[in-house]
There are 2 protein chains.
Amino acid sequence: MNITHSGRQSFRLQQPVVLTTWASVAGKKESEGPLGACFDLTSRDPYFGQKSWEKAESHLQMLAISAAAEKACLQLSDFDLILSGDLLNQCIGSSFSLRNTGVPHLGLYGACSTMAESLLMGAIAVGSGAVRRAVAMTSSHFASSERQYRFPLGYGGQRTPTAQWTVTGSGSVILEPGGKGPRVDACTVGTVVDLGIKDANNMGAAMAPAAYDTIRAHMDDLGRTEADFDFIITGDLGQLGRELLCKLAARDGYHWEDKIRDCGCMVFDNTQQDVHSGGSGCGCSAVVLCGYWLDKLKQGKLKRILFCGTGALLSPTSTQQGESIPAVCHAVSLEGGN
Amino acid sequence: MNITHSGRQSFRLQQPVVLTTWASVAGKKESEGPLGACFDLTSRDPYFGQKSWEKAESHLQMLAISAAAEKACLQLSDFDLILSGDLLNQCIGSSFSLRNTGVPHLGLYGACSTMAESLLMGAIAVGSGAVRRAVAMTSSHFASSERQYRFPLGYGGQRTPTAQWTVTGSGSVILEPGGKGPRVDACTVGTVVDLGIKDANNMGAAMAPAAYDTIRAHMDDLGRTEADFDFIITGDLGQLGRELLCKLAARDGYHWEDKIRDCGCMVFDNTQQDVHSGGSGCGCSAVVLCGYWLDKLKQGKLKRILFCGTGALLSPTSTQQGESIPAVCHAVSLEGGN
């Protein structure tokens with residue numbers, strides 16, 4: 001077997017799966033942030049030329065996969081499988097983008113952990129031989145998320161200090177059994193952790209315990225420590241969630257302050273862009289991974305990172321029914337390589 | 001490699017993955033249908049003892065997995081992975097049922113195709129060695145679906161003749177690399193097919209082309225014909241969708257009338273239970289597979305079936321925006337065995 005189960009929640013790939021090509025697409029606010037120059041495509045139009053924000057989000061995914069395919073000199077028909085998901089009800093961002101393309105599709109829902117989930121499943125699918133070339137992809141859109149999860153944008157609702165700003169963007173990654181590029185060498189599947197946080201405007205606090213749980217599981221299952229990674233990259237904990245993760249780790253004697261980088265803290269400039277606790281959404285970790293981290297790995301500037309997608313698994317209905325917020329984090333270990 | 005890609009959309013397992021144990025839980029209306037005696041657990045209470053229909057659906061999944069674990073003399077901690085999804089916004093039926101259980105979880109969204117999708121992904125995860133024991137699971141609930149997708153139940157809205165009745169139920173299957181039971185020997189991942197149907201009360205018509213597409217792909221990719229299967233089991237096309245599938249096949253010269261069995265047509269007695277075109281929902285194919293077909297395979301009464309989960313990937317928002325209904329179908333080939 002090329003893949004071996006390890007410990008409780010993890011598996012290793014004896015023959016690593018290679019991330020051969022990737023692409024990122026982002027919106028106006030993201031293009032004005034610290035990583036603005038890193039994205040393959042950006043647009044100042046929040047509709048991306050479509051008639052609704054939902055259609056714009058679906059179009060974002062098509063732009064991201066088309067950009068990756070073009071870079072790799074491939075057609076959509078060269079992909080055996082697309083693993084994708086998003087935040088919209090019934091994941092219409094993903095399924096509508098793939099209508100009548102003829103590409104096999106498996107839909108995922110892991111909230112903002114979806115980029116890591118799709119990479120993890122893609123690694124199993126390609127590493128096992130079930131498919132020869134897969135795409136891992138996700139998206140989010142500020143405006144489609146706001147009206148679905150919070151208030152109509154025209155209402156002008158005030159945001160709390162702990163709130164995060166949903167990233168408008170999409171990232172896609174092509175996975176193959178060989179070739180040049182960063183490599184997935186091991187993954188850890190998260191468990192659903194809920195410590196009772198009920199504030200839907202404080203998702204960082206809800207997700208930090210799940211992130212800590214999965215990072216610890218990855219290290220325990222695979223006999224690794226923080227020294228094995230240049231950085232541990234969390235999806236979208238935001239500033240508050242990142243602080244909480246470091247505190248949880250410190251309580252157990254781990255000092256990760258210098259290791260943890262959070263995509264939600266990286267994508268916007270909090271002193272200039274009024275995003276409160278940082279970025280969030282499936283697209284947040286997707287565009288930061290595909291716009292920044294994978295290039296650093298490819299260039300040989302990093303040896304290994306642990307990419308930890310974090311998702312708050314709430315819904316407006318669960319919040320209205322007084323439920324607390326379950327969260328999950330999936331981790332993908334990525335080695336540098338060109 | 002144990003798994004080999006085959007053709008465009010399919011893969012074979014050289015060492016089949018075994019469905020060692022399964023369980024089904026269903027509601028009152030389902031318990032009064034033709035398969036009422038087949039289910040492991042039924043309840044006359046639509047709330048299943050919970051405070052809301054959404055919490056009831058989440059509880060249904062916990063009942064289904066607990067029942068399967070009990071049959072297999074296992075604890076939840078013996079599972080390396082649970083692959084599950086449901087129809088509720090943000091899949092809260094699945095994620096809330098697994099809160100703080102400590103079981104690794106990957107969330108799926110394939111609408112009513114989710115039982116097949118979870119089996120397919122479980123077959124890759126177990127067949128590849130990434131996990132040792134996985135659970136494939138899904139659920140739906142009539143009342144939580146009606147108010148999310150259609151009208152508040154108290155409104156008493158009229159149902160059109162082509163409408164289907166969402167099944168209240170959950171099914172769970174334990175997958176292992178060896179042991180006794182029916183075996184997954186090959187799978188086909190579906191593509192997103194949309195022929196322009198816009199009537200959200202006629203999902204059978206939207207899904208039939210996807211079902212035909214995937215069944216044909218399975219046969220083409222693997223060099224099989226309808227003669228290789230005792231039955232081709234579709235998820236929830238309903239009576240109208242089943243007729244359309246047979247017509248689509250007949251147009252190409254295939255006569256499948258005697259081969260196709262639809263879980264949506266099996267779960268209710270249409271002459272007595274006023275369900276119009278039949279049952280639907282993720283739970284429909286899940287309870288019929290786990291309550292009926294897997295037992296027939298285990299008993300050696302069937303040699304091989306093709307289990308084809310069918311999903312309509314619409315959302316209320318997409319319908320309101322005038323979109324047509326994309327659909328997907330995933331196929332899992334199951335061999336008899338005890």
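These legends describe close-up views of a predicted model. Residues are numbered from 1 along each chain as its sequence is written, chains are lettered from A and ligands numbered from 1 in the order in which they are written, and side-chain values use heavy atoms, with hydrogens and water left out. Local features need pLDDT of at least 70, side-chain atom pairs count only at pLDDT 80 or more, and totals for chains, interfaces and linings use all residues.

View 1. A:Glu117 sits in helix 4 (residues 114-127) of chain A. Helices (H or I, at least four residues) and strands (E, at least two) are DSSP runs, numbered from the N terminus. A salt bridge needs a side-chain nitrogen of Lys or Arg within 4 Å of a carboxyl oxygen of Asp or Glu. The side chain of A:Glu117 does reach the backbone nitrogen of B:Gly107, at 3.2 Å. Beyond neighbours within four places in sequence, A:Glu117 contacts A:Leu108, A:Tyr109, A:Gly110 and A:His330 in chain A, plus B:Leu106 and B:Gly107 in chain B. Contact means heavy atoms within 4.5 Å.

**View 2. Strand 10 of chain B, covered on both faces.** This strand spans residues 231-234. B:Phe231 and B:Ile233 are buried on one side, B:Ile232 and B:Thr234 on the other. Strand 13 (residues 304-312) of chain B pairs with strand 10 of chain B in the parallel sense, over four bridges. Two strands pair if DSSP finds at least two bridges between them. Opposite B:Phe231 stands B:Ile305 of strand 13 of chain B. Strand 11 (residues 260-262) of chain B also runs parallel to strand 10 of chain B, joined by three bridges. There, B:Asp262 is the bridge partner of B:Thr234. Strand 10, helix 7 (residues 238-251) and strand 11 of chain B form a right-handed β-α-β unit. Right-handed means that, with the strands pointing away from the viewer, the path from the first strand over the helix to the second runs clockwise.

**View 3. The salt bridge between A:Asp80 and A:Arg132.** Side chains of opposite charge can pair when their charged atoms come close. Here the N to O distance is 2.9 Å. A:Asp80 counts as buried because its relative accessibility is 3%. A:Arg132 is partly exposed, at 47%. Over all chains, the structure holds 34 salt bridges.

**View 4. The salt bridge between B:Arg132 and B:Asp80.** The closest N and O atoms are 3.0 Å apart. B:Arg132 is in the loop between helix 4 (114-127) and strand 6 (134-140) of chain B, and B:Asp80 in the loop between helix 2 and strand 4 (81-86) of chain B. B:Arg132 is partly exposed at 46% relative accessibility, whereas B:Asp80 is buried at 3%.

**View 5. The salt bridge between B:Asp40 and B:Lys71.** The closest N and O atoms are 3.0 Å apart. B:Asp40 lies in the loop between helix 1 (28-31) and strand 3 (41-42) of chain B, and B:Lys71 in helix 2 (residues 53-71) of chain B, so the pair ties together parts 31 residues apart in sequence. B:Asp40 is partly exposed at 34% relative accessibility. B:Lys71 is partly exposed at 45%.

**View 6. Helix 5 of chain A, largely enclosed by the rest of the structure.** Seven of the eight residues of this helix (residues 142-149) are buried. They are A:Phe142, A:Ala143, A:Ser144, A:Ser145, A:Glu146, A:Gln148 and A:Tyr149. Their cover includes helix 2, strand 6, strand 7 (165-166) and helix 10 (316-320) of chain A. A:Glu146 has 8% relative accessibility. Not counting residues up to four places away in sequence, A:Glu146 touches A:Phe151, A:Leu153 and A:Arg159.

**View 7. A:Cys284 in helix 9 (residues 282-298) of chain A.** A:Cys284 counts as buried, at 0% relative accessibility. Leaving aside neighbours within four places in sequence, its contacts include A:Ser140, A:Val167, A:Asp236 and A:Cys263.

How values were computed. A polar contact is a pair of N or O atoms within 3.5 Å; within protein, one must be able to donate a hydrogen and the other to accept it, and residues adjacent in sequence count only if both atoms are side-chain atoms. Buried means under 20% relative accessible area, exposed over 50%, partly exposed in between (1.4 Å probe, protein chains only).
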